[in-house]
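Colleague: Could you walk me through how the labels in this model were assigned? I would like each value set beside its cut-off.

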Amino acid sequence: MENYDLINALILLANFVIVPALSYGSQLALAALGITLVYAVLRFSNFAHGDLMAFGTMIAILITWLFQSWGLTAGVLPTALIALPFAMALTAAFCLITDKIVYKFYREQKSQPVVFMIVSVGVMFIMNAIVRFIIGPKDRTFFDGEKFIIKAVEFKSYTGLPEGLSIKSTQVLTIVIALITMVALFYFLQKTKMGKSMRAYSNNEDLALLSGINPDRVVMITWIIVGMLATIAGVLYGLDKSFKPFTYFQLLLPMFAAAIVGGIGNPLGAVAGGYIIAFSEVMLTYAYKKFFMYLLPTNLEPSGLMQFLSTDYKFAISFIILVIVLVIRPTGIFRGKTL
Amino acid sequence: MIEKYRTQLAFLVMALLLIIVGVAQSWSVSIGIFNLCIVSAIMAMGVNLQWGYAGLFNAGVMGFTALGGLVAVLISHQPIYEAWSIAGTGMLISLFIVIVASISIFYISKYVNSVFKKRFLIVFVILLAAIGLGNFYGPSVDLIEDINPAKTGFLGGLGMPIIFSWVAAAFAAAFLAWIIGTVTLGLRSDYLAIATLGISEIVIAVLKHEEWLSRGVKNVTGLPRPVPYEIRLQESEWFINFIEWLNSSKLSAIETVSSKQDLLNKLVIEGSSIYVKLCYAGLFIIVLAVLFFLSQLALNSPWGRMLRAIRDNEVAASAMGKNIVGQHLQVFILGSAIIGIAGAMLTTLDGQFTPGTYQPLRFTFIIWVMVIVGGSGNNLGSIFGGFFIWFMWIEAEPISIAFISLVTSGLDYGDPIKMHLIASAPHMRLFIMGAILLITLRFMPRGVIPEKVVRPR
């Protein structure tokens with residue numbers, strides 16, 4: 001098996017680093033897109049975004065349970081996928097209601113962004129309470145259907161290699177759905193009239209108002225998109241891992257890091273930032289011992305785990321990347337601020 | 001009329017609420033709430049210094065609180081000599097490496113002009129330090145954590161009275177704030193919020209996982225107290241006599257000796273717990289008073305006026321030659337130091353350090369609600385906010401349980417919906433907090449006790 005060492009090492013890397021990082025990155029990218037859109041159009045950092053994701057996911061879980069009780073499933077796919085469009089619509093409606101009750105007042109007052117930020121903390125409390133009140137603070141898995149696309153055992157027997165590759169269906173689903181969503185979003189922003197008016201509004205509010213763009217409509221569409229994106233991101237994350245309100249709250253840091261690293265306010269940056277944060281998190285916390293065991297001759301085998309940082313510190317990674325980017329290039333990788 | 005006596009009225013209502021709890025629940029509960037109210041008020045004053053005076057959004061209150069708690073452990077716990085003798089040298093060498101690396105990075109970034117050279121040298125130093133730490137730090141940590149892991153397994157502290165930690169915590173928090181502030185204060189304001197949010201998560205992660213430092217999630221319990229222990233009070237002659245004297249009328253009404261003794265015993269046990277809490281309350285009130293006096297002095301000094309000028313118009317203040325970033329750094333450090341003191345006091349009060357219990361909603365965002373509701377920019381407002389919001393945070397649970405029981409009183413006991421609602425009632429406190437914050441922001445944006453602008457003569 002001497003000759004296959006390189007292939008084995010690459011499969012190992014794909015199994016534990018590339019595929020998980022791609023799916024986690026897609027989830028982060030979608031979440032960061034929501035943050036960046038709020039920032040670009042409504043001009044504040046939305047602290048409630050993590051809890052909005054939790055809210056959307058909770059709705060999806062409730063609808064999934066309803067469908068399951070009716071005996072309605074999607075076969076090999078998780079039932080949550082059928083529930084997703086309904087959850088997206090409900091979460092978008094919830095966003096609009098929140099905007100009407102809470103944020104609209106401050107927009108009319110022309111309050112400072114920092115006031116909006118504090119208001120979003122209040123909204124965060126309330127959303128958090130609603131989610132915990134309805135579904136409880138416990139960990140929940142709502143995945144059903146076929147779990148694996150490729151199982152490690154099957155892969156081994158098929159290829160005859162000692163190293164197995166397993167790909168979970170949720171990982172592929174995440175990547176596919178995220179790609180579709182991003183393409184649709186960029187098409188909307190670049191090609192449609194509404195998307196163009198959103199970009200114009202984000203770039204220069206006064207000029208956009210002068211050219212007859214209706215600001216209320218722009219804000220409304222933004223909230224609808226943000227609610228839908230948050231639901232998709234939340235459901236994909238919940239399917240891939242599990243749903244726990246507190247975890248979603250804690251995602252706030254990597255999400256913001258992704259948005260800022262890419263250049264806050266810039267959708268392309270949010271996507272890039274999501275993948276950058278995810279890949280660094282996974283790559284820096286992976287123990288490379290086995291990888292080097294395949295590549296190096298036996299007498300050079302590493303003694304330790306060859307892990308840069310223990311998984312306990314994955315928050316630190318998004319933070320350190322954030323700080324490095326802010327110090328070297330404060331506007332983020334793709335100069336942020338407008339759509 | 002109400003406008004004029006707003007402050008007095010607010011505090012009167014607060015005192016009444018505490019008295020109601022004292023009468024209705026018990027005085028022990030009421031004084032317990034009062035003590036935590038003071039700690040919250042101090043934290044709120046720290047945040048008020050940063051937000052109310054200078055307009056800085058610090059979303060990392062939890063990190064500074066936890067750091068204060070860690071300092072309390074490190075100052076007061078007995079040193080574990082065994083751990084020091086086995087791995088002390090290794091740890092000291094690691095510390096030395098970290099310090100040398102930090103100093104060299106500082107000087108490289110200051111004196112090397114070429115950007116490329118600078119970055120190359122910094123990466124080089126970090127790599128060298130990482131190799132050095134790998135050789136000394138890792139093995140020492142394993143050695144320390146292997147010593148009696150069920151009881152110690154860490155380096156221990158200095159074995160000094162825990163009161164000293166209140167001062168030390170201020171310095172530790174100030175140092176952390178200096179590092180964060182130097183990096184992030186020059187940037188846009190929301191970045192400070194995200195950066196501090198990140199730092200606080202990292203501080204908690206370190207405290208949870210570095211077991212050689214403070215036993216991580218295994219917690220440190222039984223920290224020494226600055227006040228007497230209940231059990232010793234119950235045995236001491238003077239305390240029993242004191243309680244007897246306090247309740248002499250009640251006791252003399254009882255005829256038989258044995259039931260008299262039973263009642264006295266009960267009263268002594270109850271009294272000892274109240275006495276201990278009152279001792280804490282006394283200590284805390286002194287700290288609160290000193291900090292309030294200093295903050296008030298700072299607010300009305302030229303320094304305070306300059307900060308408010310910077311807050312209200314950075315461009316104009318900068319044109320007058322004020323160093324905005326420098327002043328922000330100063331006030332950020334001072335505010336964080338106050339939060340650190342409160343953190344150490346909290347751990348002192350609990351008598352234990354439990355990193356797992358630090359949660360951002362409870363330790364960061366609640367403090368923000370306190371400052372906003374109390375009135376940003378006003379120290380009395382922050383104190384009131386600290387008292388009122390902490391009171392609501394504690395009492396929200398019984399209130400929501402009572403409310404839900406009332407609403408669902410039509411349903412049978414054991415009904416699944418009713419059981420779910422009652423089990424979920426504690427989460428209503430988050431809802432109440434959010435609602436209080438949003439209502440204040442909407443209808444009373446300057447808070448219950450608004451900022452007063454004092455004009456110098």
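**Reading the labels**

Modeller: Let's begin with the second largest pocket: 46 residues line it, and Gln112(A), Val114(A), Val115(A), Trp51(B) and Gly55(B) are those nearest its centre. This is a predicted model, where local features need pLDDT of at least 70, side-chain atom pairs count only at pLDDT 80 or more, and totals for chains, interfaces and linings use all residues. Residues are numbered from 1 along each chain as its sequence is written, chains are lettered from A and ligands numbered from 1 in the order written, and side-chain values use heavy atoms, without hydrogens or water.

Colleague: What makes a set of points a pocket, and what makes a residue part of its lining?

Modeller: On a 1 Å grid over the protein atoms alone, a pocket is an open set with protein on both sides within 12 Å along at least five of seven lines, whereas a cavity is a set of points where a 1.4 Å probe fits but cannot get out; lining residues have an atom within 4 Å of a point. The second largest pocket has a volume of about 1,400 Å³, where volume means the space filled by probe spheres set on the points, which are joined across faces, edges and corners.

Colleague: Which helix gives the most to the lining of the second largest pocket?

Modeller: H4(A) does, with 5 residues.

Colleague: Why is the pair of Phe47(A) and Phe256(A) called tilted?

Modeller: Their centres are 5.8 Å apart, so they pair, and their planes stand at 45°, so the pair is tilted. Phe47(A) is in the loop between H1 (5-42) and H2 (49-70) of chain A and Phe256(A) is in H11 (252-262) of that chain, 209 residues apart, so the pair links distant parts of the chain. Both Phe47(A) and Phe256(A) are buried. By contrast, Phe67(A) and Phe86(A) form an edge-to-face pair, with 5.9 Å between centres and 80° between planes. Phe47(A) and Phe256(A) also belong to a cluster linked by ring pairs, which includes Trp51(B) and Phe365(B).

Colleague: Why does Phe86(A) count as partly exposed?

Modeller: Buried means under 20% relative accessible area, exposed over 50%, and partly exposed in between (1.4 Å probe, protein chains only). Phe86(A) has 46% relative accessibility, so it counts as partly exposed. Phe67(A), at 7%, is buried.

Colleague: How do you know that the charged end of Arg362(B) sits over the ring of Phe363(B)?

Modeller: The criterion asks for NZ of Lys or CZ of Arg within 6 Å of the ring centre and within 35 degrees of the ring normal. The charged end of Arg362(B) is 3.9 Å from the centre of the Phe363(B) ring, and that of Arg429(B) is 4.4 Å from the ring centre of Trp393(B).

Colleague: How many disulfides does the structure hold over all chains?

Modeller: The total is 0. For Cys37(B), the nearest cysteine sulfur, that of Cys279(B), is 19 Å away; a disulfide needs two cysteine sulfur atoms within 2.5 Å, so Cys37(B) is in none. Cys37(B) is buried at 0% relative accessibility, and Cys95(A) is buried at 2%.

Colleague: What is phi of Arg43(A), and where is Arg43(A) found?

Modeller: Phi of Arg43(A) is near 65°, a positive value in a residue other than glycine, and Arg43(A) is in the loop between H1 and H2 of chain A. Its relative accessibility is 29%, so Arg43(A) counts as partly exposed. Arg215(B) also has phi near 65°, but Arg215(B) is buried, at 7%.

Note on methods
Phe/Tyr/Trp six-rings, centres within 6.5 Å; stacked < 30°, edge-to-face > 60°. Helix = DSSP H or I, 4+ residues; strand = E, 2+ residues; numbered from the N terminus.
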